[in-house]
Amino acid sequence: MLKYVLKRVGLAALTLLIIVFLLFWLVRIMPGNPFPSERMNDIQIANKRAELGLDNPILVQFWNYITKLLHGDFGNGTSLYYGVPIKTVLNTAVSNSFRIGGISILLGTAVGLLLGITAALNRGKFLDGFCTVFSIIGVCVPSYVFMIFLQYTFSFKIPFFPYFFDDSRFLFSSVMPALSLSLFTMSTIARFTRNEMVEVFDSDYVRLAESKGLYGSKLVRAHVLRNALIPIVTVLAPLVVDLLTGALVVEKIYGINGIGKLMVDAITGEGIDYNYVLALGILYSTLYITVMLLVDLLYGVLDPRIRVAKKRGEAA
Amino acid sequence: MKKLLSLLLVVAVLASCAVTVAFADSDAYLGVMLTTNVMSLDTNLATDGESFEVIANCIDGLTQMDADGAAVPAIAESYDVSEDGTVYTFHLRDAKWANGADVTAYDFEFAWKRIAQEAGEYAYLLDSSVGCVKNADAIIYEGADPDTLGVEAVDAKTFVVTLEVPVSFFPSLMYFPTFYPINEEFYNSLEAGTYGTSPETFLSNGAFVLENYTPGTASLSLKRNETYWDADNVKLAGIKYQVIQNSGEALDAFNKGELNMVTVSGNQVAAAENDPKLAENLSVTGAGYMWYLSFSQTENNAQGGMLANKNLRLAISNVIDRYNLVDNYVMDGSLATFTAVPPQFAASSTTGEDFSADQDLFLDVCDYNPEAAAEYYALAKEELGQDEFTFTMIYGSNEGNEIALVAQAIKEDIEAELDGMTINLQPMTKSERLDKMQNDNYDIALTRWGPDYADPMTYLGMWITDNSNNYGFWSNAEYDQLIADCTTGAYVSDYDARWAAMLEAETIVMQEAVIAPLYTKANANLISSDVEGVQFHPVALNRVYKAASIG
């Protein structure tokens with residue numbers, strides 16, 4: 001098992017390095033200018049470029065960047081929040097996005113599971129239909145449309161929630177964005193849970209368990225849900241990353257200082273900010289790779305069969 | 001089981017809606033909308049109007065703007081000018097930084113030398129094209145020792161500035177944030193790169209102190225500075241800023257009372273005009289900057305330099321219906337403009353007359369006049385020996401919602417009146433547009449320029465040979481000479497002669513159609529009826545809140 005984990009971690013690190021290099025190179029060939037100055041002359045701009053080492057060969061630049069990165073230094077902003085260490089800006093953005101993302105994941109998964117289980121237990125009845133319709137709507141309606149609807153209804157028509165995100169009332173002003181972001185997760189999880197559970201209900205081993213006299217919540221927990229969870233975890237993983245890394249449009253609409261908004265600002269602001277695009281790119285990829293790694297390891301916990309198969313694979 | 005599940009479902013949905021935290025509304029604060037993020041609170045790094053507005057709320061310079069935009073004393077209680085107009089001696093009043101330290105001449109000396117040494121975006125305000133501070137060019141462009149800059153703190157209360165040549169508008173430059181002081185001791189106590197990134201790392205000596213700010217935030221707040229030297233005249237308890245990029249959302253926030261001052265554009269302006277309740281809150285103020293068409297005149301572009309032909313440029317300039325642009329597309333009270341220097345920001349200090357008050361001055365060369373355009377076009381076709389032209393027009397798709405519409409309208413005007421000319425539109429980000437223009441890789445660009453100081457030279461200085469803002473690479477010896485005479489030569493001490501020479505220079509730009517002016521941007525503001533005393537200016541600081549009150 002340890003060897004397997006190490007191998008996976010090593011592969012993940014290599015993938016990350018390749019991604020960082022590609023990003024590093026791509027951002028430099030993107031159209032646009034890191035110094036979109038209208039008032040500095042050529043000498044000043046050349047000096048600024050030299051200060052940032054942009055005149056060096058790309059591999060030298062990359063080596064310098066990686067060395068700094070390994071010391072935890074993302075560099076400073078070049079055109080966005082010019083001169084400010086990216087770490088300070090990123091801290092706030094990550095904390096905002098992760099907290100709101102975290103709430104929506106918890107909400108989405110919990111309600112999604114409940115909906116899915118309810119639907120599966122009431123197959124063909126009203127509740128099943130209701131859940132299906134709900135999840136189709138949830139998958140189809142983009143989160144920002146729902147966000148605009150919530151904002152219009154619950155802070156404009158009925159002024160209860162703040163109209164814009166307010167740092168000093170974090171939990172309270174997170175309700176609407178978290179709710180709208182969780183909708184997609186909620187519906188996806190509900191749909192998958194329902195379908196998987198229905199399938200498992202029809203399987204031989206559940207019938208066997210039933211014939212042994214198992215029924216009710218024990219049957220659902222020990223046999224149906226556990227088996228149904230595997231595909232759900234697979235679906236949930238990328239959803240988690242999507243939610244954590246922020247939702248561009250929702251953050252823009254509600255004025256949340258999060259990483260989604262930061263990414264858009266870094267690319268479409270006055271100038272392209274190489275360091276921000278890179279830092280955020282690295283953050284996204286690291287999260288994706290880590291979550292995928294965790295999912296892989298989680299399979300083993302959820303399903304002993306996978307664990308055993310892996311052991312056999314290692315032995316062979 | 002089913003009942004339990006249903007119950008849990010209901011509880012979960014209810015719980016998600018019922019998270020409540022105590023309300024803490026700040027009624028006494030003025031709620032103001034910003035259209036973009038505050039990028040930096042460091043005077044050396046800030047480049048945008050939003051940042052300058054917030055800095056100016058918190059820091060006082062030597063002078064400040066009065067309601068009409070004239071320079072009146074701030075930290076400098078008074079100043080003397082030497083007879084030849086090159087030495088300014090500022091006498092500082094007793095004022096405190098928010099941490100209790102005195103505001104001294106040394107703070108100004110430190111800040112100015114830092115601006116010159118760092119050579120950032122606005123360092124040029126010190127150089128020989130604008131402020132003409134002694135030795136600034138050598139420091140900014142050649143890396144000379146910043147201690148050689150012509151500024152000296154004679155003692156804590158006396159700040160002396162030596163200029164290369166007299167600069168008639170020098171006192172009005174002093175209210176621009178680039179010339180604000182920074183407390184050296186405080187600055188040096190901070191970790192490098194963190195100055196101005198939080199309330200703790202930013203020091204005020206002005207009307208407000210920073211209460212709540214992180215870089216990238218969509219909302220920030222300032223509160224009244226009780227130790228401000230002029231605190232008796234500050235009525236607001238504070239200002240709460242909210243970044244909103246969507247005009248519809250701005251209108252909703254205003255209607256809801258969330259914000260007291262918002263800027264609307266496009267259809268929302270019409271909506272506000274037609275709503276009897278909102279109409280009385282609507283006011284249009286000049287934003288200062290002018291949109292214009294820049295033509296590349298080099299051989300690299302426009303089918304081998306076709307736009308170097310004066311008549312072709314004049315033909316294009318004379319088919320654009322500028323009133324149609326502002327009335328039907330921009331719709332926020334922006335002014336159709338027919339002069340290379342836009343109106344409303346530069347008034348003569350001897351006659352008080354606006355440099356560009358007379359918009360009819362160049363109508364013979366710049367107007368919506370298809371017949372004249374046809375004549376120019378015929379001449380151009382003959383001179384170039386060509387009947388068909390295809391040009392690309394670039395514009396920034398992130399420079400306001402109306403820009404794409406304006407670009408489309410210009411294309412339609414040109415193609416309708418100038419037979420055989422095709423305009424291809426190419427949207428891109430502003431940064432890409434600037435990149436193309438600076439690298440001489442465009443035919444026609446829809447671009448803008450805002451005045452940094454209240455003198456026509458902020459525009460006219462752009463079109464001298466080799467200026468980095470001379471994107472068309474146009475060059476005219478007579479023009480260069482006129483501008484040199486106005487900035488460092490014959491006219492520097494003769495105010496009226498300088499004014500006349502600048503008009504002469506502008507005439508050359510217009511007759512040659514170096515650019516095609518389009519419109520001078522305005523802001524359509526909605527301001528709650530209980531707000532008074534906010535001062536609007538088209539130049540330097542767009543909004544000043546020192547005299548503002550609410551309720």
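Two strands count as paired if DSSP finds at least two bridges between them. The model described here is predicted, and in it strand β4(B) pairs with strand β5 (residues 87-92) of chain B in the antiparallel sense, over five bridges. Within this part of the sheet, D80(B) stands opposite T89(B) of β5(B).

These strands belong to an open sheet of four strands in chain B, ordered β4-β5-β7-β6 with antiparallel pairing. Because β4 (76-81) and β6 (151-155) of chain B stand at the edges with a single partner strand each, one side of each is left without a neighbour in the sheet. On average, neighbouring strands of the sheet are turned by 20 degrees against each other, direction ignored. Helix α3 (residues 105-118) of chain B lies across β5, β6 and β7 (158-162) of chain B and runs at about 165 degrees to β6(B).

## Domains of chain B

The domain assignment divides chain B into domain 1 (43-188) and domain 2 (287-522). Taken over C-alpha atoms, the centres of domain 1 of chain B and domain 2 of chain B are separated by 32 Å.

The contact involves 14 residues from domain 1 of chain B and 11 residues from domain 2 of chain B. On the side of domain 1 of chain B that touches domain 2 of chain B, seven residues are nonpolar, six are polar and one is charged.

## A mostly covered helix

Helix α7 (residues 247-256) of chain B has seven of its 10 residues buried, and is thus mostly covered. The buried residues are S247(B), E249(B), A250(B), L251(B), D252(B), A253(B) and F254(B).

The buried residues of α7(B) pack against elements of both chains: α6 (143-157) of chain A, together with β1 (29-34), β11 (261-264), α8 (267-274) and β17 (515-527) of chain B. Just after α7(B), G257(B) takes a positive phi of about 85 degrees.

Most residues other than glycine have a negative phi. A302(B), a residue other than glycine, has a positive phi near 50 degrees. This alanine, A302(B), lies in helix α10 (residues 302-305) of chain B. A302(B) is buried, with 22 other C-beta atoms within 10 Å.

A540(B) is likewise not a glycine, and its phi is positive at about 60 degrees. The loop between β19 (535-536) and β20 (543-544) of chain B holds A540(B). Because A540(B) has 25 C-beta neighbours inside 10 Å, this residue counts as buried.

How values were computed: Residues are numbered from 1 along each chain as its sequence is written. Chains are lettered from A and ligands numbered from 1 in the order in which they are written. This is a predicted model: local features need pLDDT of at least 70, side-chain atom pairs count only at pLDDT 80 or more; totals for chains, interfaces and linings use all residues. Domain bounds come from an automatic or database domain assignment. Two residues are in contact if their C-beta atoms, placed from the backbone, lie within 7 Å. Ala, Val, Leu, Ile, Met, Phe, Trp, Tyr, Cys and Pro count as nonpolar, Asp, Glu, Lys and Arg as charged, and the others, Gly among them, as polar. Helices (H or I, at least four residues) and strands (E, at least two) are DSSP runs, numbered from the N terminus. Axes are lines fitted to C-alpha atoms, for helices over the stretch in contact, and angles run from 0 to 180 degrees between N-to-C directions. A residue is buried if 20 or more other C-beta atoms lie within 10 Å of its own, exposed if 12 or fewer, and partly exposed in between; C-beta atoms are placed from the backbone.
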